[in-house]
Amino acid sequence: MNLHIRPESADDRQAISRLTQRAFEHAPHASHTEHLIVDALLLSVSLVATRDDEDEIVGHVALSPIMLSSAPPGSTAATGWYGLGPISVSPECQGQGIGSQLMQAALQHLEKTEASGCVLLGDPAFYSRFGFRPRDELVLPGVPPEYFQAICLRGDWPRGIVSFHPAFDISL
């Protein structure tokens, strides 16, 4: 299967929402609000994956800016940091490397735009392959530290409590 990854277009929003809902429908650690989060996010980066020359979206990854509570005034250490997620792959296409290709495309985009780094909440076994690691200096309250991971792309590691976009607080 040839995969095409491109930026989201305005016409993709409903398909992304449906895909995200289906992708997390049976996930054991999902909040089942992931599609609502994507709908509410003001995304800096939104990439979709389609198969071959088809228009059907089979994968999606979102990146949005994060905030750090303890960045010193005037510090640039926390600027250019993003939160990755949700990342969604159609259930019938999972296990085919689409999620990995979306991860690589998202990281390439961050590198190209000279972002400082990226954080995410997820399975260490999957995300460590891309260089993500838990970091003592970055905290996401209420989350086991091994699941909150980061990668620094340039500059120094920031310190502080991380806050994702308020859309991540949506509940059913």
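Helix 3, which covers residues 98-112, has 15 residues and should span 21 Å at 1.5 Å a residue; its end C-alpha atoms lie 21 Å apart, in agreement with that expectation. The model under discussion is a predicted one. The buried residues of helix 3 are Ile-98, Gly-99, Ser-100, Leu-102, Met-103, Ala-105, Ala-106, Leu-107 and Leu-110. His-109 also belongs to helix 3, but this residue counts as partly exposed because its relative accessibility is 25%, and the buried class requires a value under 20%. The C-alpha atom of His-109 is separated by 9.7 Å from that of Leu-47, a residue 62 positions away along the chain. Just after helix 3, the backbone at Glu-114 adopts a positive phi of about 60 degrees.

The protein chain comprises 172 residues, of which 43% are buried.

Which residues of helix 1 are buried? They are Ile-16, Ser-17, Leu-19, Thr-20, Ala-23 and Phe-24. These residues cover an arc of only 165 degrees around the axis, and therefore lie on the same side of helix 1.

The strands may be considered next. Strand 6, residues 117-121, and strand 8 run antiparallel and are joined by five bridges. Within this pairing, Gly-117 stands opposite Cys-152 of strand 8. Strand 8 is largely enclosed by the rest of the structure, because four of its five residues are buried.

A separate arrangement involves three strands, which form an open sheet in the order 4-9-7 with mixed pairing. Strand 4 (67-68) and strand 7 (138-139) stand at the edges and have a single partner strand each, so one side of each is left without a neighbour in the sheet. The pairing of strand 7 with strand 9 is parallel and extends over two bridges. In that pairing, Val-139 stands opposite Ile-161 of strand 9.

How many aromatic pairs does a search of the whole structure find? The search finds five. One of them joins Trp-81 and Trp-157 in a tilted arrangement, with 5.7 Å centre to centre and 45 degrees between the planes. Trp-81 lies in strand 5 (residues 81-89), whereas Trp-157 lies in the loop between strand 8 (148-152) and strand 9 (160-163), so this pair ties together parts that are 76 residues apart in sequence.

Phe-126 and Tyr-127 form an edge-to-face aromatic pair, 4.8 Å centre to centre and with 90 degrees between the planes. Phe-126 is partly exposed, with a relative accessible area of 22%, whereas Tyr-127 counts as buried at 10% relative accessibility. Ring pairs link Phe-126 and Tyr-127 with Phe-130 and Phe-132 into a cluster.

Trp-157 also takes part in a contact with a charged group. The charged end of Arg-135 sits over the ring of Trp-157, at 3.9 Å from its centre.

The cysteines complete the account. A disulfide is a covalent bond between the sulfur atoms of two cysteines. A search of the whole structure finds zero disulfides. Cys-93 is buried, with a relative accessible area of 0%, and Cys-118 is likewise buried, with a relative accessible area of 0%.

Notes:
Residues are numbered from 1 along each chain as its sequence is written. This is a predicted model: local features need pLDDT of at least 70, side-chain atom pairs count only at pLDDT 80 or more; totals for chains, interfaces and linings use all residues. Side-chain values use heavy atoms; hydrogens and water are left out. Buried means under 20% relative accessible area, exposed over 50%, partly exposed in between (1.4 Å probe, protein chains only). The arc is that of the directions from the helix axis to the C-beta atoms. Rings of Phe, Tyr and Trp (its six-membered ring) pair if their centres lie within 6.5 Å; planes under 30 degrees apart count as stacked, over 60 as edge-to-face and the rest as tilted. A charge sits over a ring if NZ of Lys or CZ of Arg is within 6 Å of the ring centre and within 35 degrees of the ring normal. A disulfide is a pair of cysteine sulfur atoms within 2.5 Å. Two strands pair if DSSP finds at least two bridges between them. The expected span of a helix is 1.5 Å times one less than its number of residues.
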